[in-house]
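Please read them with the structure open.

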Amino acid sequence: MAGIQEVHDLLVKGKAKMIVGAVQEALDAGCDPAQLLNEGMIGAMDEVGVKFKNGEIFVPEMLVAARAMKKGVEVLKPHLASGAAGAAGKVVIGTVAGDLHDIGKNLVAMMLESAGFEVIDLGVDVAKEKFVETVEANPDTKIVCCSALLTTTMPALKDAVDVLNKASFRSNIKVMVGGAPITQEFADEIGADAYTEDAASCAQKAKELVA
């Protein structure tokens with residue numbers, strides 16, 4: 001349908017100003033809201049993710065597309081069956097204790113929302129206990145994402161993963177880690193389920209983990 005394709009193309013180009021009108025027009029024209037979300041929007045963000053991975057676009061363009069996605073979803077939300085916007089499951093995300101970096105984490109949160117997850121963002125400098133408490137308060141959580149952007153906060157990341165690994169709910173969740181100094185090797189060493197090097201891969205990996 002024309003409406004879905006138009007929304008898809010606008011999102012790939014990051015046209016945040018035009019997206020609200022385009023989503024509304026598509027709905028008025030009788031597009032199915034769930035189809036609009038999945039094919040038009042999530043499909044577009046998948047494409048943006050691939051372009052980012054291939055080096056065709058960079059972080060600023062990806063941020064713009066993610067912001068456009070957010071605006072589009074706001075228009076769509078009232079029309080979706082409750083929970084459809086977070087249908088992929090619930091994710092808890094935060095930057096570990098002692099680390100105040102949030103650009104990468106915010107981008108990951110936006111990409112996860114774009115992939116259909118409901119995201120609980122704990123912010124920066126998150127105590128390891130806070131990750132555990134949040135999952136206990138949200139037993140339907142599927143993934144916990146912990147990020148460390150400094151080599152000096154890598155031990156805090158290890159501590160956060162340690163306490164999650166010892167938690168009673170461990171078998172119900174997947175633990176993902178990321179950040180500039182983190183490697184697959186370090187992720188394996190500390191007992192995380194997954195490591196991704198950028199926000200686009202994180203959203204893709206998260207989908208695979210809950211599939």
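1. Some terms come up throughout. Helices (H or I, at least four residues) and strands (E, at least two) are DSSP runs, numbered from the N terminus. The expected span of a helix is 1.5 Å times one less than its number of residues. This is a predicted model, in which local features need pLDDT of at least 70 and side-chain atom pairs count only at pLDDT 80 or more, while totals for chains, interfaces and linings use all residues. Residues are numbered from 1 along each chain as its sequence is written, and side-chain values use heavy atoms, with hydrogens and water left out.

2. Helix 2 covers residues 16–28, 13 residues in total. From its first C-alpha to its last it reaches 19 Å, close to the 18 Å expected at 1.5 Å a residue. Its buried residues (under 20% relative accessible area, 1.4 Å probe, protein chains only; exposed is over 50%, partly exposed in between) are Ala16, Ile19, Ala22, Val23, Ala26 and Leu27. These cover an arc of only 130° around the axis, which puts them on the same side of helix 2; the arc is that of the directions from the helix axis to the C-beta atoms. As background, an α-helix has 3.6 residues a turn, so residues three or four places apart point the same way. The face of helix 2 turned away from the buried side carries exposed residues, namely Lys17, Glu25 and Asp28. Just after helix 2, Gly30 has a positive phi of about 95°.

3. Which residues touch the most other members of the largest nonpolar core? They are Val23, Met41 and Leu112, in a core of 51 residues. A nonpolar core here is a set of buried Ala, Val, Leu, Ile, Met, Phe, Trp, Tyr and Cys residues joined through side-chain atoms within 4.5 Å. Helix 4 (residues 59–76) gives the most to this core, with nine residues. Contact means heavy atoms within 4.5 Å. Leaving aside neighbours within four places in sequence, Met41 is in contact with Val7, Leu11, Val23, Leu36, Met69, Gly72, Val73 and Leu76.

4. Two strands are taken to pair if DSSP finds at least two bridges between them. Strand 3 (residues 141–147) and strand 4 (residues 174–178) pair in the parallel sense over five bridges. Within that pairing, Ile143 has Lys174 of strand 4 as its bridge partner, and Ser147 stands opposite Gly178. Strand 4 is mostly covered, with four of its five residues buried.

5. Arg170 deserves a look. The residue lies in the loop between helix 7 (154–166) and strand 4. Is Arg170 buried or exposed? Arg170 counts as buried, with a relative accessible area of 16%. Neighbours within four places in sequence aside, Arg170 is in contact with Leu164, Asn165, Val175, Gly191 and Asp193.

6. Thr134, in helix 6 (residues 128–137), is buried at a relative accessible area of 8%. Not counting residues up to four places away in sequence, Thr134 touches Val92, Ile120 and Leu122. Ala187 sits in helix 8 (residues 184–190) and is buried at 1% relative accessibility. Setting aside neighbours within four places in sequence, Ala187 contacts Val177, Ala192 and Tyr195.

7. Helix 9 (residues 199–210) has 12 residues and should span 16 Å at 1.5 Å a residue; its end C-alpha atoms are 17 Å apart, which agrees. Buried in helix 9 are Ala199, Ala200, Ser201, Cys202, Ala203 and Ala206. Their cover includes helix 3 (33–53), helix 4, helix 5 (103–114), strand 2, strand 3 and strand 4.

8. On cysteines, a disulfide is a pair of cysteine sulfur atoms within 2.5 Å. By this rule there are zero disulfides. The sulfur of Cys145 has its closest cysteine sulfur in Cys202, 4.5 Å away, too far for a bond. Cys145 is buried at 6% relative accessibility, and Cys31 is buried at 5%.
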